[in-house]
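Please work through each task with the sequence and the structure at hand before reading the solution.

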Amino acid sequence: MKFNEKLMSIRKMKGLSQEELGMELQVSRQTISKWESGQSYPDFQRLVMLSDYFDMTLDELVKDIDVQDVRNKNLTDEKVESIYLDVENVKNKSRKLIKIFCYAGVILLGIVILGFILHLFFPDIEWLWGSTQ
């Protein structure tokens with residue numbers, strides 16, 4: 001029996017919901033669901049907590065687990081997390097770049113408006129506008 005099947009079986013045998021087990025282990029119901037569906041595995045600390053809670057040895061709890069499968073799932077989770085972090089970094093850099101362009105545009109617009117106002121009030125100043133002849 002695989003770990004996810006064993007966990008679901010033990011939890012149901014004890015009459016616990018995923019929510020209740022999650023509260024005991026200080027994780028969300030969704031985390032328990034992922035463990036039971038085989039999408040992820042608990043870390044070592046949570047495995048120890050599970051074995052203590054169900055009054056089992058770690059060996060009894062995790063026996064028949066394919067270690068390579070656990071490694072692959074953890075690597076996949078790490079890759080996904082890395083991708084999300086990269087996307088967040090790109091978003092943050094894009095926001096900063098957009099702010100810089102907005103500030104530059106506002107400054108440029110201010111200079112143009114200032115020039116227009118100066119030209120309205122002082123149309124005959126040669127040093128300001130150059131030669132008009």
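**Exercise 1.** Does Glu88 count as buried, partly exposed or exposed, and at what relative accessibility?

*Solution.* The model is a predicted one, and the assignment begins with the computed value, which for Glu88 is a relative accessibility of 37%. Buried requires under 20% and exposed over 50%, with partly exposed in between, so Glu88, at 37%, counts as partly exposed.

**Exercise 2.** Find the salt-bridge partner of Glu88 and describe where the two residues lie.

*Solution.* The partner is Lys91, whose closest N atom and the closest O atom of Glu88 are 3.8 Å apart, which can be set against the cut-off of 4 Å. Both residues belong to helix α6 (residues 67–121), where they are three residues apart, or about one turn of the helix. Lys91 has a relative accessibility of 38% and therefore counts as partly exposed.

**Exercise 3.** How many salt bridges does a search of the whole structure find, and which parts of the chain does the pair of Arg11 and Glu36 link?

*Solution.* The search finds two salt bridges. One of them joins the side chains of Arg11 and Glu36, with an N to O distance of 2.4 Å. This pair links distant parts of the chain, since Arg11 lies in helix α1 (residues 3–13) and Glu36 in helix α3 (residues 29–37), 25 residues apart. As for accessibility, Arg11 and Glu36 are both buried.

**Exercise 4.** Which residues gather in the patches of negative and positive charge on the surface?

*Solution.* Take the negative patch to begin with: Asp52, Asp55, Asp59 and Glu60 gather there on the surface. Of these residues, Glu60 lies in helix α5 (residues 58–62) and, with a relative accessible area of 43%, is partly exposed. Turning to the positive charges, the surface patch is made up of Lys93, Arg95, Lys96 and Lys99. Lys93 has its place in helix α6, and its relative accessible area of 62% lies above the 50% limit, so Lys93 is exposed.

**Exercise 5.** Which residues does UniProt list as "transmembrane region", and what is the helix content of that span?

*Solution.* The unreviewed UniProt entry lists residues 100–122 under this name. In the model, the span is 96% helix and 0% strand, and its end C-alpha atoms lie 32 Å apart.

Conventions: Residues numbered from 1 in each chain as written. Predicted model: local features only at pLDDT ≥ 70, side-chain atom pairs only at ≥ 80, totals over all residues. Heavy atoms only, no water. UniProt positions renumbered as here; feature names shortened; annotations may be inferred. Helix = DSSP H or I, 4+ residues; strand = E, 2+ residues; numbered from the N terminus. Patch = residues over 30% accessible without salt bridge, like charges linked within 9 Å, V, L, I, M, F, W, Y side chains within 5 Å. Areas by Shrake-Rupley, 256 points an atom, 1.4 Å probe, with all protein chains shown as cover. Lys, Arg positive; Asp, Glu negative; His and termini not counted. Charge placed at Lys NZ, Arg CZ, Asp CG, Glu CD. Buried < 20%, exposed > 50% of the residue type's maximum accessible area, 1.4 Å probe, protein only.
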